[in-house]
Every structure is written in structure tokens, then in C-alpha cells.
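Here is a structure to look over together.

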Amino acid sequence: MRKIKIIVCSNSAIDYVDYPKDIEIFRSKLHFGSESYEDFVEMPAADFYNRIAANPNDIPKTSYTSLGHMLEYFNKLESEGYTDAIVITIARPLSGMCAAVQQLSSETKLNVIAYDSRILAYPEAYMALTAQSMVENGANVEEILQVLDFIRDNNHMYFTVDTLLYLVKNGRLSKLQGTLGTMLALKPVLTFSKEGKVETLEKIRTTNKALKRVVELYLEETKDQDVITFISHAHADENVALVKELIKEVYPEREIVVTYLTPVVGAHTGPKALGLGYIKKQ
């Protein structure tokens, strides 16, 4: 009899939705100089965004869960009779976590599967929630991975940031591009490629116009589709309200899941970033 554990990284922001506590979370850390905080547990989203808004030049670094902690946890699972662990990670191009889990899989008798979500935020959390539900209903590893593949291949997110400062400071944008973008007040419209890379689609002059463009792209892709709609944001309640209003004008009955971007993601996007996306229903 196989015994399966579902694990997800904290980049999924699963902490900000109701989730079964049987799901284990591998938490990344925030580093403000010599100070370190465990994502969500020691610094939840609201506290984090208030801090960086008050001190915009105090930009943290991030690191994923240590190899030692992950290996210790895998060995604990093995001692408890688990045979398999599916570890759902942030997109491989954005972090070394997926590769680290793969590396550790050879150091334990547990069957550890590093599953690259090719995304972050709510779609990653939704993968973990779905996988856990399947475990509880007796599904095997192969069945779970097949459904995860469907979710991974049938979701899309568009997002925009309010400032380029954090993308520049964390190496996601060159300093020259960042300086010019700030001078021109450019607000990039971004998305994720099929491989999980961040891609720039357009550069727009104001936040409101960028948000409206994000909604336009979402509406174009989801026309007449049966989808789960989500908004993931960096303490941007006014922007969330605007985006919801624009969606409801076209699809008044669509349910919209709203969650935070967790601090270890917000460290790269900065405050007031917003992502809008969808997951196709099976």
C-alpha cells in the first residue's frame, strides 16, 4: 500500500487560502541584511508590504528551504511509513528549488518527485489542493501527476508591477532599463511562458492602463471558457477592486479567488503588483 505526501513551496501562497493541514509547506526565507524571516510564519504579507512601502530601499533577498531541512523531512516521512512525496515547486527558471529537490531524491529511500509547476502563486497552490484531494480519495502517484499536468498546461497569468525598483534590485531587469522605465513611469505587462520564464508583453505609461490591459488579455483568452479566475496581489486592494469590477462587467457570475502574493514573491515584484489569471476546468 502506497502512502503519499503532498508538499508545496511557500511561493504558492497557499497560506492565504483554506487548505488541509496534511499538506506540508517548504518555506522560503526573507533576508533583510542580517535579519532573516520565515515566509508567512515570521512575516505575513500585510506586515511585509507595509515594511517595504515605508522603506522602499530596504529590499530583501530570498532563499528557498535549506537542503538539510528538506532531507530531514524526507527521512521523517520515510520513518512514518510514507512511500512517495510529490513536491510542487515554483517555476524552475525562477528558483533553484526544483533542482535541489531532484538532487535530494537520490539521498533518501522515499520516492521523491520534484514537480515543476512552471508558475507560482494561486495556480501552484491549486495544484497542491487538487493533489491532496486526490490522495484522500485513493488516487495513485501516476493519476495525480496526470491531473497536475493538465492544470499546468491549462493555466495562464498576466501581471503588472507598480515599480520597477524591485525587479532591478533583484536582478530581473537591467539597471539601465530600470532607470529609463522609472523616468518614463512605464508599467510592464508581464506573463509566464510555457516553461515558466517571465516575459514582457508590453510597456504602458500608467498603472490603471496596465491593469485594464491585463484584464483585456484575460477576457480575450477566457471568452466562453469554463475557468477558475484568480487575482494574486501585493497589498493592492484598490487595484483588486478595479480589476474585479472590469471582469464583472463582462462576466457578472464568475467567481474570483483573491489571494496575496506571499512576501518571498513580493520581494521581487514590490508593493501593489497584481496578477490576474485563470485555470481551465477539466
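A crossing counts as left-handed if the near helix is turned anticlockwise from the far one by less than a right angle, and as right-handed if clockwise. This is a predicted model, where local features need pLDDT of at least 70, side-chain atom pairs count only at pLDDT 80 or more, and totals for chains, interfaces and linings use all residues. Residues are numbered from 1 along each chain as its sequence is written, and side-chain values use heavy atoms, with hydrogens and water left out.

Q: Which hand does the crossing of helix 4 and helix 5 have?
A: Helices here are DSSP runs (H or I, at least four residues), numbered from the N terminus, and strands are runs of E, at least two. Helix 4 covers 122-136 and helix 5 covers 141-153. Their crossing is right-handed.

Q: Why is helix 4 described as roughly antiparallel to helix 5?
A: Axes are lines fitted to C-alpha atoms, for helices over the stretch in contact, and angles run from 0 to 180 degrees between N-to-C directions. Under 35 degrees counts as roughly parallel, over 145 as roughly antiparallel, 65 to 115 as roughly perpendicular and the rest as oblique. For helix 4 and helix 5, the axes are 10 Å apart and the packing angle is about 155 degrees. That makes the pair roughly antiparallel.

Q: How many nonpolar residues are in the contact of helix 4 with helix 5?
A: Contact means heavy atoms within 4.5 Å, and among the residues that meet are Met-127 and Val-135 in helix 4 and Ile-144 and Leu-148 in helix 5. Ala, Val, Leu, Ile, Met, Phe, Trp, Tyr, Cys and Pro count as nonpolar, Asp, Glu, Lys and Arg as charged, and the others, Gly among them, as polar. Along with one polar and two charged residues, the contact has nonpolar ones numbering nine.

Q: Which helix gives the most to the lining of the second largest pocket?
A: The most, three residues, come from helix 4.

Q: What is the angle between helix 2 and helix 3?
A: Helix 2 spans residues 67-79 and helix 3 spans residues 97-104. The helices are oblique, with axes that come within 10 Å and cross at roughly 45 degrees.
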